[in-house]
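Good morning, and thank you for coming.

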Amino acid sequence: MPAPSAVPAATRWLIAGIVVCALIWGTTWYAITLQLGSVAPTVSIVWRFGLAALALFVFCLATRRPVRLNRVQHLAALGQGAFVFAISYGFVYASEERVPSAVVAVIFAGLAFINLVLFRVIAGQKASRLAWGGAALGLVGVAVLSGSEILGSEMTSAAGLGVGMAALAVLSSAFGNYFAWKGQVAGSAVMPATAWAMAYGTAMLAIFGVTQGVEWRIEPTVSYIGSLLYLSLLGSVVAFVIYFTIARSRGYALASYISALTPPIAMLVSVLFEGASFGLTALFGLALVLAGQVLLIRAPKVS
């Protein structure tokens, strides 16, 4: 009989999910820049998550998955939509108008730490030392990875505002993760809960856009429409379903660590399409990020 695999099937699926999600989100940083321009950021986010919510609802109905939620589940989805899809992404798009995407990526690398603290304080969840150590390595690794670009960027008053917006986006995402967990506790399934959360976030942003008098338009170019479809279907539907599935099975700290894996992917995209080059310091930072990921995968699920 063949020897059993040294890696359990559940762990292999976990690693595969992390890799797919990191690859998608690592390329969305570049895709977001293709959305910035003549179309207001709020409008682009409404198109993105409105299309993603519609796709998820259609998929659930086509596969006969129930989409109805009870009152408690709807309230959790409302909070998730407000903090993850409306507030957080509103700040992300506004931040990327003011600072390089690498700066935003470094700030988001702290999401795993913030989730560990938030779930410890509010939900009473205890994480292992491996989880804390992995989150710390990821934070340091991404800082080393993108340090040269951050130090080389011009920190004007507008850039300082962009950094502040990115920090608020991370905090908002952490609170959104808490509401996603509340939905899980209330018994809602991943796909309908995510669909409703995206729909609620889209509605909030649409109302905000109306109050601001934005122009509701789509830029009829290949780059804008192509990036919109990529961000909606892969960057939102596929990636967030994987993300929240991992979070439910292994905890939100491990899932949110994916944000620390996206800068290496973004750097590779920059090397392939923008002619960028990186030295030994960047490779050292990448090694720290990967080491942190190994620790978080090996850490037991939070209790």
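Let me begin with a term: a polar contact is a pair of N or O atoms within 3.5 Å, where, within protein, one must be able to donate a hydrogen and the other to accept it, and residues adjacent in sequence count only if both atoms are side-chain atoms. This is a predicted model, in which local features need pLDDT of at least 70 and side-chain atom pairs count only at pLDDT 80 or more, while totals for chains, interfaces and linings use all residues. Residues are numbered from 1 along each chain as its sequence is written, and side-chain values use heavy atoms, with hydrogens and water left out.

We start with T28, in helix α1, residues 9-33; helices are DSSP runs of H or I, at least four residues, numbered from the N terminus. A polar atom of the T28 side chain lies 2.7 Å from the backbone oxygen of W25. T28 is buried, at 6% relative accessible area, where buried means under 20% with a 1.4 Å probe, protein chains only.

What does W25 touch, beyond its neighbours within four places in sequence? W25 is in contact (heavy atoms within 4.5 Å) with Y89, G235, A239, F240, Y243, I258 and T262.

Finally, we turn to helix α9, residues 222-250. A kink of about 30 degrees is centred on A239, the bend being the angle between axes fitted to the seven residues ending there and the seven starting there. Just after α9, G251 takes a positive phi of about 105 degrees.

Conventions
Helix = DSSP H or I, 4+ residues; strand = E, 2+ residues; numbered from the N terminus. Expected span 1.5 Å × (residues − 1). Buried < 20%, exposed > 50% of the residue type's maximum accessible area, 1.4 Å probe, protein only.
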